[in-house]
Amino acid sequence: MKQIKIHSDYITLQQLLKMENVISSGGEAKYYLSINKVYVNQELENRRGRKLYPNDKIVIDEKEFVIE
């Protein structure tokens with residue numbers, strides 16, 4: 001499980017995907033989420049603008065992340 005430290009109240013799912021090099025640009029986020037399963041707190045998520053707050057758990061391609 002990788003811990004992601006943020007310096008604001010939240011980040012978006014799209015920002016996380018870019019930070020972790022899952023996508024190379026923000027424009028790819030919508031397409032990526034339409035063909036891949038991404039879970040936020042054990043719920044399937046397809047909104048690129050989903051706000052991620054501290055203690056949220058995200059699963060992308062079987063890799064787990066926690067927002068700090």
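**Exercise 1.** Leaving aside neighbours within four places in sequence, find which residues Glu-45 is in contact with (contact: heavy atoms within 4.5 Å).

*Solution.* Once those neighbours are set aside, the contacts of Glu-45 are Leu-13, Leu-33, Val-38, Val-40 and Arg-50. The model is a predicted one, in which local features need pLDDT of at least 70 and side-chain atom pairs count only at pLDDT 80 or more, while totals for chains, interfaces and linings use all residues. Residues are numbered from 1 along each chain as its sequence is written, and side-chain values use heavy atoms, with hydrogens and water left out.

**Exercise 2.** Determine whether Glu-45 and Arg-50 are buried or exposed, and which salt bridge network holds Glu-45.

*Solution.* Step 1: Glu-45 has 5% relative accessibility and therefore counts as buried (buried: under 20% relative accessible area; exposed: over 50%; partly exposed: in between; 1.4 Å probe, protein chains only). Arg-50 is buried too.
Step 2: Arg-50 forms a salt bridge with Glu-45, with 2.7 Å between the closest N and O atoms (salt bridge: a side-chain nitrogen of Lys or Arg within 4 Å of a carboxyl oxygen of Asp or Glu).
Step 3: a network of salt bridges links Glu-45, Arg-47 and Arg-50.

**Exercise 3.** Locate the salt bridge between Glu-68 and Lys-5 and state how exposed each residue is.

*Solution.* Step 1: the side chains of Glu-68 and Lys-5 meet at 3.9 Å, N to O.
Step 2: Glu-68 lies in the segment after strand 7 (63-67) and Lys-5 in the loop between strand 1 and strand 2 (11-12), so the pair ties together parts 63 residues apart in sequence (strands: DSSP runs of E, at least two residues, numbered from the N terminus).
Step 3: Glu-68 is partly exposed at 34% relative accessibility, whereas Lys-5 is exposed at 60%.

Note on methods:
Helices (H or I, at least four residues) and strands (E, at least two) are DSSP runs, numbered from the N terminus.
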